[in-house]
Amino acid sequence: TTTVTTTTMYQCALVAVLAAVFAGGDGGVRAWSAPGHRIIGRIATAMTSERTQQAVVKQLGGVNWYERTKQYPMGVIAWADTYSRLPGNSWSYPLHFAYTHGYPYLDYKRDCAVNCSRSMLREGYCEQGQVLSDCCVIAAVDKYRQELFRELVLGERNATADRGNTNSTMVKLALLGHTVGDMHQPLHVDLKDDYGGNTFKVKWFGEAMCGHDPYKKPCNIHKIFDFNVINKRLDDFGSPPADYSDDDEREHKFANYLLARYRPLAWTLMNMYNPTQWAVESVSLASMSYLVNEGYDIESVYYDNVLPVLEQQLYKAGRRLAFLTQFLFSGKVTECAESAGG
């Protein structure tokens, strides 16, 4: 095994920004609720070979993407949100999103640059007035697919993992799976500077509060996209488990429905290689969330129009994650294409 220094340096991997935004736990910027991430994991698993599935389980420490365990009660694919809140891991916060600051298009240099926050200045991650580059979800996917390729395919090791980074294969793979999902939630590549719609308050079928007790919070457009729409759709596949912590068979049924409906799409038309293009797609979809005024009571018309878009995004995230993992663990694009039905 050869140890090398990664040639592409991601400055954001050495710092943590926007920690104050996330300090509020569940009120921070999250993509897809845990069910959404697990559904993506189920789709990715179904679209990879048995060999790749076994390799993923091995590298993730004996669990698959979506399995709920004592160590990963929401599933390892959703665990990155928890990981980013643990002491010493705040460097990974900005790797969950990208904002275009009001522009209707994505500009990587502009939208993946952030200022050093006060909390990161206090912790010594960056200097006052410093602008940090490559701090976004696009950089995260590109970074971890490159580092995992070097390690798993070329047999090299990343020698740059220092403070504010990780040299753990398990963590890199978990972050890759999670951030691929994040990028496909339109409000994680958002047009406005409103923390992905977290400050854009709305109602949900007459209710001003969203979420499960005891974690209910005022509804916002971000919560609607990553939690409420998915949970309402899951009701079409049966009743929820009596215990919220139990596996939800409805997620399995929903994932199978998405596979059956969208799998015939030609994989060659989905741009499997370019995370920036995936983000561009999300930017174009994010605008639809703001077609209502703040305070709007979201009901059936809005839900019926948003649902097919989010379903396609869940499927595309799963399929693209399958493509990445299939290549990482087999080294064969052709094998990936066959497993993906292309």
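Predicted model: local features only at pLDDT ≥ 70, side-chain atom pairs only at ≥ 80, totals over all residues.
Figure 1. Of the 342 residues in the protein chain, 56% are buried. The chain is built from 13 helices and 10 strands. Its accessible surface comes to about 14,500 Å², and carbon and sulfur atoms hold 51% of that area. Among contacts with a separation of 6 or more, 74% are between residues 24 or more positions apart.

**Figure 2. Stacked rings of Phe149 and Phe327.** The whole structure contains 12 aromatic pairs. In the pair shown, the ring centres of Phe149 and Phe327 are 5.7 Å apart and the planes meet at 5°, so the two rings count as stacked. The angle falls in the stacked class because that class takes planes under 30 degrees apart. Phe149 belongs to helix H7 (residues 137-153) and Phe327 to helix H12 (residues 300-330), so the pair ties together parts that lie 178 residues apart in sequence. Phe149 is partly exposed, at 26% relative accessibility. Phe327 is also partly exposed, with a relative accessible area of 25%.

**Figure 3. Aromatic cluster of Trp204, Phe205 and Tyr303, with Lys232 over one ring.** Ring pairs join Trp204, Phe205 and Tyr303 into a cluster. Phe205 also has the charged end of Lys232 over its ring, 4.9 Å from the ring centre.

Figure 4. A search of the whole structure gives 13 salt bridges. An α-helix has 3.6 residues a turn, so residues three or four places apart point the same way. Arg145 is partly exposed, with a relative accessible area of 22%. A further salt bridge joins Glu147 to Lys172, the closest N and O atoms being 3.0 Å apart.

**Figure 5. Helix H8.** Helix H8 has 15 residues and runs 21 Å from its first C-alpha to its last, close to the 21 Å expected at 1.5 Å a residue. The helix is mostly covered, with 15 of its 15 residues buried.

**Figure 6. Buried salt bridge between Asp248 and Arg250.** The closest N and O atoms of Asp248 and Arg250 are 2.7 Å apart. Asp248 and Arg250 are both buried.

**Figure 7. Positive phi at His101 and Tyr195.** Most residues other than glycine have a negative phi. His101 has a positive phi of about 55° although it is not a glycine. His101 is in the loop between strand S2 (98-99) and helix H5 (108-111). With a relative accessible area of 36%, His101 is partly exposed. Tyr195 likewise has a positive phi, near 55°. The loop that holds Tyr195 lies between strand S6 (189-190) and strand S7 (203-204). Tyr195 is partly exposed, at 38% relative accessibility.

**Figure 8. Surroundings of Val63.** Val63 is in the loop between helix H3 (50-59) and helix H4 (79-83). It counts as buried, at 8% relative accessibility, because residues under 20% are classed as buried. Leaving aside neighbours within four places in sequence, Val63 is in contact with Val56, Val57, Thr69, Tyr72 and Val76. The C-alpha atoms of Val63 and Val76 are separated by 7.6 Å, and the two residues are 13 residues apart along the chain.

Key. Residues numbered from 1 in each chain as written. Heavy atoms only, no water. Phe/Tyr/Trp six-rings, centres within 6.5 Å; stacked < 30°, edge-to-face > 60°. Helix = DSSP H or I, 4+ residues; strand = E, 2+ residues; numbered from the N terminus. Buried < 20%, exposed > 50% of the residue type's maximum accessible area, 1.4 Å probe, protein only. Lys NZ or Arg CZ within 6 Å of the ring centre and 35° of its normal. Salt bridge = Lys/Arg side-chain N within 4 Å of Asp/Glu carboxyl O. Expected span 1.5 Å × (residues − 1). Contact = heavy atoms within 4.5 Å. Areas by Shrake-Rupley, 256 points an atom, 1.4 Å probe, with all protein chains shown as cover.
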